[in-house]
Amino acid sequence: MKFCKKYEKYMQGQGHKKLPGVGLKKLKKILKRCRKQVHSHGDGILHDTSGSTCPRHCPVCDGTFFPSLCKEMSDVVGFFNKHAQRLLEVHLASGFHKCFIWLKGKSHGSHAALIQEGRDLVTYALINAIAMRKILKKYDKIHYSKQGQAFKSQAQSKHIEILQSPWLCELMAFHINLRDTNSKMKKAPALFEGCSLILNDGKPSLSCELFDSFKLDIDLTCSICLDPVFDPVSLTCGHIFCCMCACKAASVTIVDGLKAANPKEKCPICREAGVYEGAVHLEELHILLNRSCPEYWKERRKTEKTERIQEVKEHWESQCRLFMGI
């Protein structure tokens, strides 16, 4: 079965829920119309255009294809982030906060229902990521260009690439943490092969497989300290660091936190500015790594505790001196 049919079958199989998605059929029609325009060269006659490219200012691509795909990707990411964040909020809540969520009607039912919804959201994210890659690959094939690949980079800079979402990493960790806790959980959809944490010479990574030979790997080594991420945070550009390492890179103390970072501070990897204020603490990933690397976690916690106490002490000493005018 071709991917387009698989994708349509998956989206239709969501029942009463009308989910945002990539309009593959509509986008393919736009590409066909664009190809006809390029081939005609304005004289109404089709020409052989092997090796030709789409005009730099193509009204079909610039005015229809890319804006349509951009909106669809934005809708998909917005839907995914909203539902993933709400699901994890329900799962991680405790005490009065959990009662408050239940009273507001945000509860998702049983424990098994939470796990199934998390799995469904991961599948939704990955299949839409594949759909986006497929249509951009088709665009480049038709136009003999690399504009489709360039658009992927633009999508990442606009934060509408779903594989960048920190909530995807959190849901994968959530799935691994809880997949064995309920034997009565519904069987996984055929599309979804599951997630796993891989330890290679002490270097962890998250791996997730979907049909069509699609595999997603997320490296969990901090690029600053070169150790497995501890108390992990994801910047808005999608890169993951230890919280302490990210604070040092942003030139802020652990007391002030990443929200206090100067908007001009850049990600150490991609050099994008303004990525610290919206950073997300990856609590499920923190739990997963704590459970999977207990010896490393124990040693790192001891080291970080000493560093944090020292930072807090220096912070309050400077505040006292400032208050006293010293």
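I began with the lining of the largest pocket, where β3 gives the most, with 4 residues. The model is a predicted one, so I kept its limits in view: local features need pLDDT of at least 70, side-chain atom pairs count only at pLDDT 80 or more, and totals for chains, interfaces and linings use all residues. Residues are numbered from 1 along each chain as its sequence is written, and side-chain values use heavy atoms, with hydrogens and water left out.

**Largest pocket.** I noted a volume of about 470 Å³ for the largest pocket. A pocket here is an open set of points on a 1 Å grid over the protein atoms alone, where a 1.4 Å probe fits and protein lies on both sides within 12 Å along at least five of seven lines; lining residues have an atom within 4 Å of a point. The volume is the space filled by probe spheres set on the points, which are joined across faces, edges and corners. The lining holds 24 residues, and I found Leu163, Gln164, Cys237, Gly238 and His239 to be the closest to the pocket's centre. At least two lining residues come from each of α6 (147-157), α7 (166-178) and β3 (214-219); these are DSSP runs numbered from the N terminus, helices being H or I of at least four residues and strands E of at least two. Sorted by class, the lining has 9 nonpolar, 9 polar and 6 charged residues. Charged covers Asp, Glu, Lys and Arg; nonpolar covers Ala, Val, Leu, Ile, Met, Phe, Trp, Tyr, Cys and Pro; the others, Gly among them, are polar.

**Second largest pocket.** I read about 300 Å³ of space in the second largest pocket. Its lining is made of Lys2, Phe3, Cys4, Leu24, Lys28, Lys134, Ile135, Lys137, Lys138 and Lys141. I counted the classes as 4 nonpolar, no polar and 6 charged.

**Helix α10.** I followed α10 along residues 294-324, which number 31. From first C-alpha to last, α10 reaches 44 Å, close to the expected 45 Å, a span taken as 1.5 Å times one less than the number of residues. Trp297, Arg300, Glu304, Glu311 and His315 of α10 are buried (under 20% relative accessible area; exposed is over 50%, partly exposed in between; 1.4 Å probe, protein chains only). The buried residues of α10 pack against β5 (240-242), α8 (243-249) and α9 (283-292). After α10 I came to Gly325, with a positive phi near 75 degrees.

**Loop between α6 and α7.** I looked up Ser165, which sits in this loop. Ser165 counts as buried because its relative accessibility is 8%. Beyond neighbours within four places in sequence, Ser165 is in contact with Phe80 and Asn81 (heavy atoms within 4.5 Å). The side chains of Ser165 and Asn81 make a polar contact at 2.6 Å (N or O atoms within 3.5 Å; within protein, one able to donate a hydrogen and the other to accept it, and sequence-adjacent residues count only if both atoms are side-chain atoms). His159 is also in the loop between α6 and α7, and I read its phi as positive, near 60 degrees. At 30% relative accessibility, His159 is partly exposed.

**Ser251.** Most residues other than glycine have a negative phi. I noted a positive value for Ser251, near 60 degrees. Ser251 lies in the loop between α8 and β6 (280-281). Ser251 is exposed, since its relative accessible area is 57%.
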